[in-house]
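Colleague: I am new to this structure. Can we go through it in short questions and answers?

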Amino acid sequence: MAEIIPLNGSNAPSQSAPCKLHPQSMCPAFGSLRILTRIEGSHPVMATDTGCLYGLTFVTHFYGASKSIVAPTLGTAELMSGQVVEGTRAAIDVAAKEPGAKLIPVVSLCVAETAGMPEELLPRKVGDAEVVLVRVPAYAIHSHPEAKDIAVAALLNRLAEREGAVNEKSVVLLGEVFPADPLAIDAVLRRMGVSETIFLPGRSLEDFRRAGRAGALAPLHPFYKESMNVARTWGMPVVGGAPVGITGTAAWLKSVGNALKLNPELVQQVIDEEREKAQAIVTARPLSGRVLVTGYEGTELAYARMLVEAGAEVPYVSTSIGQDPLVLPDELWLKAHGTKEVVYRKALEEDVSALDRYQPDLVFGTTPFASVAKERGIPAMYFTNQLASRPFFLSSGMTATIDFVAGVLTKSDRYRWMQEFFAE
Ligand code: SF4
């Protein structure tokens, strides 16, 4: 006889510990869909039920996709009648008729019937359009940054051209970054002897093809592990870390130099120049104050590291991505420089509890967490819109980020005034 466990019994979820199984962020599939809809000639098909389709279509258009997502009607009746593959194939045919269609990503989501869609029953190509299945169910892919990785890996697997000579002095850089960052990174790498940089994910399908013949792959964000695995199966060197802050930039430039076998003296010269510029920025505008860095973008540890190098105290960092060897160097660095807690797959309750413990001067967080801080009169900003939306990499990125943070740290009087105003 089956054991019946009461909901309030000892095996029931704890009231105090937040549930880590369900991410407290937007639907993870949004991350992949955002990348896939932006590619020129891409006409995504989404295989899921009507509720998910409504929400994801809305969010995708909010981010300026300017194209329709084609989807089969999958309500309860269609799911029960087993018409999922047929409906999806029909949607692919419709998407392939769009003028200039070159890519049809088929995004399958949480619904069990679509998550298990057999790839071999879908066409590989219709007309000129490649059909690529991208599986991003939220019970397996726990955050929207990690869903971006799944989409990039699927496209690299299918599209990257491995025939022909490798361009040994070229590098693929992975990560959605502020538009000025690729220009700055490209300029610095070319001074070291790099012949070409390919930034993914962008608007060009051709970039995914060229990526297969690059000399190395460098994920700028620490959640591109599936894409890294693709590169490793090709035997392509992978460069960890990112050109962030003083020490992070120096280590990253050196790693790129080693991976592409560039002239070590020239590489060192560029490292020294960048270090000098970065040090000058920190010396001219050192930060002072206690900052909590929390968000759901997966880049929070790197931001925290830059702020600590600039003089801020960052006792607590949280992120929606999971723990991974890619983030470990930043975690170790932060813990060696005063950070007490680094929380992965974070929940709002954990961030709020940190607010009680650390009494910060400034908070970067999700919208609900920033609201909690503001209610207490603490300067608080939405991480994604305020911090992750400006240049970040190399010394040029440091200037933009540190100037902004230094400015916000002077605003505590205004936040206290606001709190008093609304309390009256
Ligand atoms: S795909 Fe999953 S997480 Fe996304 S909206 Fe649908 S049910 Fe929610």
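Colleague: In which sense do strand 1 and strand 2 pair?
Modeller: This is a predicted model. Strand 1 covers residues 45–47. Three bridges link strand 1 to strand 2, and their sense is parallel.

Colleague: Which residue of strand 2 is the bridge partner of Val45?
Modeller: Val45 lies in strand 1. Met46 has Val107 as its bridge partner in strand 2. For Val45, the partner in strand 2 is Val106.

Colleague: How many bridges join strand 2 to strand 4?
Modeller: Strand 4 spans residues 129–135, and strands 2 and 4 run parallel. Ser108 stands opposite Arg135 of strand 4. The number of bridges joining strand 2 to strand 4 is six.

Colleague: Which are the edge strands of the open sheet?
Modeller: The open sheet has four strands, with mixed pairing, in the order 1-2-4-3. An edge strand here pairs on one side only. That gives strand 1 and strand 3 (125–126).

Colleague: How many residues of strand 2 are buried?
Modeller: Leu103, Pro105 and Val107 point one way from strand 2, and they are buried. Ile104, Val106 and Ser108 point the other way and are buried too. Strand 2 is therefore largely enclosed by the rest of the structure, its buried count being six of the six.

Colleague: Is Val45 buried or exposed?
Modeller: A residue is buried if 20 or more other C-beta atoms lie within 10 Å of its own. Val45 has 26 other C-beta atoms within 10 Å, so Val45 is buried.

Colleague: How far apart are the C-alpha atoms of Val45 and Val131?
Modeller: Beyond four places in sequence, Val45 touches residues including Val70, Ala91, Ile104 and Val106. Val131 is 86 residues from Val45 along the chain. Their C-alpha atoms are separated by 9.5 Å.

Colleague: Where does Val70 lie, and is Val70 buried or exposed?
Modeller: Val70 lies in the loop between helix 2 (50–62) and helix 3 (76–80). Its contacts, leaving aside neighbours within four places in sequence, are His43, Val45, Ala91, Val94 and Ala95.

Colleague: What separation do the C-alpha atoms of Val70 and Ile104 have?
Modeller: Val70 and Ile104 are 34 residues apart along the chain. Ile104 belongs to strand 2. The C-alpha separation is 9.8 Å.

Colleague: Which class has no residues in the shell around the ligand?
Modeller: The ligand is surrounded by Cys27, Ala29, Thr48, Cys52, Gly55, Leu109, Cys110 and Ala138. Six of the shell residues are nonpolar and two are polar. The class with no residues is charged.

Colleague: Within what arc do the buried residues of helix 9 fall?
Modeller: In helix 9 (residues 225–234), the buried residues are Ser227, Met228, Val230 and Ala231. They line one face of the helix, because seen down its axis they fall within an arc of 155°.

Colleague: Which residues are exposed on the other side of helix 9?
Modeller: The cover over the buried residues of helix 9 includes helix 6 (144–159), strand 5 (167–174) and strand 7 (214–219). Just after helix 9, Gly235 takes a positive phi of about 80°. Exposed on the other side of helix 9 are Arg232 and Thr233.

Colleague: What distance separates the centres of domain 1 and domain 3?
Modeller: The protein is divided into domain 1 (29–141), domain 2 (167–279) and domain 3 (285–423). Taken over C-alpha atoms, the centres of domain 1 and domain 3 are separated by 36 Å.

Terms used
Residues numbered from 1 in each chain as written. Predicted model: local features only at pLDDT ≥ 70, side-chain atom pairs only at ≥ 80, totals over all residues. Helix = DSSP H or I, 4+ residues; strand = E, 2+ residues; numbered from the N terminus. Contact = placed C-beta atoms within 7 Å. Near = placed C-beta within 6 Å. Nonpolar A, V, L, I, M, F, W, Y, C, P; charged D, E, K, R; others polar. Buried ≥ 20, exposed ≤ 12 C-beta atoms within 10 Å, placed from the backbone. Pairing = 2+ DSSP bridges. Arc of directions from axis to C-beta. Domains from an automatic or database assignment.
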